[in-house]
Protein chains: 2
Amino acid sequence: MGNTMGDTGPRRRVTIREVAERAGVSVATASRALSGNHPVPTSTRTRVLRAARDLDYVANAHARALVGGGRKMAAVVVRQVTSPFYAQVAEGVEAEAADRGWLCVVGATGGEPQREMEFVQLMREEGARLVILVGGVVEDDAYRSRVAHYAQALDAAGARLVLCGRPAPDPDIPALVVEFDNEAGARAVTGHLLSAGHRRIVFLGGLPGNTALDARVAGYRAALAEHGVPAAAGRVVDCGLGRAAGLRAMTELLKETREFTAVVAGDDMVAAGALRAIADAGLRVPEDVSVVGYNDIPLAEDFNPPLTTVRTPAEELGRAAVRIALRDPEHASGSHHVLGTHIVVRRSVASPRGA
Amino acid sequence: MGNTMGDTGPRRRVTIREVAERAGVSVATASRALSGNHPVPTSTRTRVLRAARDLDYVANAHARALVGGGRKMAAVVVRQVTSPFYAQVAEGVEAEAADRGWLCVVGATGGEPQREMEFVQLMREEGARLVILVGGVVEDDAYRSRVAHYAQALDAAGARLVLCGRPAPDPDIPALVVEFDNEAGARAVTGHLLSAGHRRIVFLGGLPGNTALDARVAGYRAALAEHGVPAAAGRVVDCGLGRAAGLRAMTELLKETREFTAVVAGDDMVAAGALRAIADAGLRVPEDVSVVGYNDIPLAEDFNPPLTTVRTPAEELGRAAVRIALRDPEHASGSHHVLGTHIVVRRSVASPRGA
DNA sequence: CCGGCGTCTGAAAACGTTTTAACTTCCCCT
DNA sequence: AGGGGAAGTTAAAACGTTTTCAGACGCCGG
C-alpha cells in the first residue's frame with residue numbers, strides 16, 4: 001500500500017463549477033474566461049484562469065462536444081499502419097490535424113471491408129468531422145455501395161469523406177478524391193527502363209480490379225507502346241502487393257523463364273521481395289536484371305542495390321487530404337485532386353547485357 | 001465566422017427520441033433496447049431496433065460518455081509514426097484495443113516534450129482510460145516531474161498510464177512499465193561479434209542519459225568484459241538515433257580511424273546509415289567491417305547485406321502494454337514487465353580479416 | 001378478495017459544458 | 001435629469017444519452 005492518497009473510491013473530475021466557485025464567479029463567466037469564446041475583463045479572467053490552474057482543471061471534451069455539436073476530430077483508415085507508405089500518409093494527416101488542434105484517430109482494417117465499416121460507424125458515433133479512407137481497392141459493387149453509404153451518412157452528419165488513392169463510385173457523391181497519378185508514374189519509370197535499352201520488361205504485382213494497380217499497369221503498357229514495343233512483349237504477373245508476394249512470384253517467374261531483362265514492381269515492397277528472389281537465384285541486380293519500384297519508401301535507398309523508384313510524396317498526400325477537405329467550402333461533390341510524382345534514380349537499373 | 005470549414009450547415013443527427021417516437025415507446029425504453037443494458041421484452045426490442053435501422057440512427061458517443069463517465073479509448077504516444085519500430089508498437093496497441101472494441105488514438109510528438117504534454121492533456125480532456133507513452137528518453141528532472149504529473153493526473157481520473165521502454169521516475173508512482181531487456185539484447189549481439197573473433201568493436205549511436213541506449217551500451221560493455229576485452233578497447237560514438245545520424249557519424253569515424261572490425265549500431269536505422277557510409281568509403285560488409293543492428297525492423301533483411309540484429313517483438317510490446325494495463329486490477333504501482341529479445345543472424349557479420 | 005411480487009414501462013434527474021436572454025451597473029449624451 | 005447603450009455578469013435552457021425511481025399491470029397464493 002504505497003499509495004497514501006485516496007487510492008479508492010469513485011474518482012471525480014474537477015468541474016467548471018468548482019472553478020467558478022473558487023474564482024467567485026458564475027459558471028457562465030468561468031466558461032467564457034476559459035474558452036475565450038466571449039470577451040471577459042482581464043481581472044476576472046486571470047482570477048478564473050488561476051483557479052483553474054490551482055485545481056488542475058481539465059475541461060470535459062464530451063460535454064463540450066455535446067453542446068457544441070461536433071468536435072475537431074479526423075480519422076484515417078488504412079490497411080495497416082506498419083506499411084511504410086500508409087504510415088507516411090497517416091503521419092501527414094496527423095501533422096496537418098495537429099497543426100489545427102484537431103485530434104487524429106487511426107484505424108487499421110487489415111484489408112477487411114467488415115472492419116472498415118465498423119470503423120466508419122464508430123467514427124459516426126464519435127462525431128468525427130473528417131474521415132479519410134486510404135489505399136487502392138478493387139472497385140466492385142460491394143465497394144461502391146459501401147462508399148456510397150459512408151458518403152451519404154457522413155454528409156448527413158456534416159462530416160467530410162475523402163478517398164485517398166481510391167475512386168469515388170459516382171461523381172455526384174459527396175466525397176473528395178485525392179490521389180497520385182499512378183498512370184504517369186508507371187509510364188515514367190517504365191520509360192526509364194526502355195531508355196536504358198530494355199525491351200523485355202515484366203510488371204510484377206498486378207491486382208486486377210484494383211484501381212491503383214490497374215493504373216500502373218496501364219502506364220507500363222503505355223510506355224511500352226510509346227517506345228514501339230509490341231504489346232505481346234509485355235507481361236504482367238498478377239501477384240498483388242507485399243514483400244512476400246513479390247518474393248514468391250519472382251521466384252516462380254525465374255523458374256519458368258529468364259526471357260526478360262527488367263522488372264517494374266507494383267510497389268517498393270514487391271520490389272524488396274523481387275530483389276531477394278533474384279539474389280537467391282544467383283542473379284545480380286542490375287547487371288543481370290534491372291528492377292524498379294513504386295512509392296520510394298524511406299528505406300528504398302538501403303535496399304541491395306539502392307532502388308530506382310517513383311517518389312509519391314505520401315506525407316504530402318495525407319496533408320493535402322485534410323487541407324483540401326477543410327478548406328474547400330463547396331466540398332464540391334466529385335472534387336478530384338491529383339498529385340504529381342517523379343522518378344528517383346538510384347542503382348537498380350543498368351543497360352541490359354546485349355545493349 | 002471563424003469557421004474554417006465551409007459551413008455546410010450544422011446538420012442534425014437522428015436522436016434516440018425520434019427512434020423512440022417511431023417505435024411508439026419512451027426514450028428510456030428505446031435506450032434500454034438499444035444498449036441492452038436492461039432486459040426488454042423481445043417484441044418491443046425488435047420494434048425499437050427496427051425503427052433505429054430505418055432511421056439509420058447512430059448513438060451519440062459524447063452523450064453516452066458524459067453520463068457513463070468514461071469511454072473505451074486508448075492513446076499511444078510515439079515520437080513519429082513512420083519509424084518502423086514505433087509503427088509496429090502502435091499497430092500492436094491498435095490491434096489489442098480493437099479486439100476489445102476500444103478506440104485507439106495515436107499522437108506523434110516529434111520528440112518534443114511540449115507536444116507530449118499537450119497530447120496527454122488532450123487525452124485527459126477526451127477521457128482516455130489508457131495512455132501509453134512509447135520510446136526511450138533521457139531521464140532528467142524535467143522528465144521525472146512531467147511523468148509524475150501525468151501519472152498523478154491520470155490516476156486521479158481513473159485512467160492508466162503505461163511507459164513502454166522508458167523508466168518510471170519513482171517506483172511508487174501509479175504507472176506500469178513494459179519494456180525489453182536492452183542490456184541483454186546488446187550483450188547477446190555483441191557476444192555474437194566477439195565469438196566471430198572481433199575484438200575492436202565500436203558502438204555507434206549512444207545517447208547519454210537515454211535509458212534505452214544507456215542499457216544497450218551497458219550490455220555492449222558487459223559483453224566486452226565477459227570476453228576479456230579491456231574496456232579501453234571499446235568505443236562508443238554518441239551520435240543518437242536515426243539513419244541520418246548513423247550515416248554522418250560513420251562517415252566521420254571512417255575518416256578518423258579504421259582501427260575497428262565491427263560496429264554495433266544503436267538501432268537498425270543507425271545501422272542503415274552506417275551501412276551506406278561504409279559502402280561509400282569503399283569498404284565491404286561483412287568482409288571489411290561487420291555490422292549489427294537493433295530491433296529487427298521489417299526491412300532489415302533487405303539491407304545490403306541483410307542485417308544481423310536483435311529482434312524486439314515490437315507489436316507484442318504494444319499488445320502487452322494494453323493487455324497488462326487492462327487486466328491488472330491492482331495496477332500495482334511500479335509494476336514492471338520485461339519482454340525478452342533474441343538475436344537474428346543474417347549476413348552482415350563475418351570473422352575479421354586477421355582471424 | 002386482498003396483499004405482494006415480478007415484469008414492463010415512463011417521467012425525470014443526472015452528466016459538464018456552452019449559449020441565450022435577461023438583468024444590473026455605470027457612463028455618456030441630450 | 002433622464003434616456004440609451006455598453007459592459008459585465010448571471011440564471012437557466014439547451015445538448016443526447018443512461019439510470020433511477022416509481023407507477024401500472026398481471027398473476028399467484030392466501
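**View 1. The backbone of N60(A) beside a phosphate of DNA strand C.** In this predicted model, a backbone N or O atom of N60(A) lies 3.3 Å from a phosphate oxygen of DNA strand C, and this counts as a polar contact, that is, a pair of N or O atoms within 3.5 Å, where within protein one must be able to donate a hydrogen and the other to accept it, and residues adjacent in sequence count only if both atoms are side-chain atoms.

Residues are numbered from 1 along each chain as its sequence is written, and chains are lettered from A and ligands numbered from 1 in the order in which they are written. Because the model is predicted, local features need pLDDT of at least 70 and side-chain atom pairs count only at pLDDT 80 or more, whereas totals for chains, interfaces and linings use all residues, and side-chain values use heavy atoms, with hydrogens and water left out.

**View 2. The protein surface around DNA strand C.** There are 24 residues around DNA strand C, and I16(A), S31(A), Y57(A), S26(B) and R32(B) come nearest; a residue is near a strand if one of its heavy atoms lies within 4 Å of it. Of the atoms of DNA strand C that come within 4 Å of the protein, 64% belong to sugar and phosphate. The largest share of this surface, five residues, comes from α2(A), where helices (H or I, at least four residues) and strands (E, at least two) are DSSP runs, numbered from the N terminus. By class, the surface near DNA strand C holds 13 nonpolar, eight polar and three charged residues; Ala, Val, Leu, Ile, Met, Phe, Trp, Tyr, Cys and Pro count as nonpolar, Asp, Glu, Lys and Arg as charged, and the others, Gly among them, as polar.

**View 3. The protein surface around DNA strand D.** DNA strand D is surrounded by 25 residues, of which S26(A), R32(A), I16(B), S31(B) and N37(B) are the closest. Sugar and phosphate make up 65% of the atoms of DNA strand D that come within 4 Å of the protein. Here α2(B) gives the most, with five residues, and the surface near DNA strand D has 13 nonpolar, eight polar and four charged residues. Polar side-chain atoms lie beside phosphate oxygens of DNA strand D at 2.8 Å for T29(A), at 3.3 Å for T44(A) and at 3.0 Å for R64(B).

**View 4. Helix α5 of chain A.** Helix α5(A), residues 84-99, has 16 residues and reaches 22 Å from its first C-alpha to its last, close to the 22 Å expected at 1.5 Å a residue, the expected span being 1.5 Å times one less than the number of residues. The helix is largely enclosed by the rest of the structure, because 14 of its 16 residues are buried, where buried means under 20% relative accessible area, exposed over 50% and partly exposed in between (1.4 Å probe, protein chains only). Just after α5(A), G101(A) takes a positive phi of about 75 degrees.

**View 5. The loop that holds P167(A).** P167(A) is placed in the loop between β4 (160-164) and β5 (176-180) of chain A, and at 18% relative accessibility P167(A) counts as buried.
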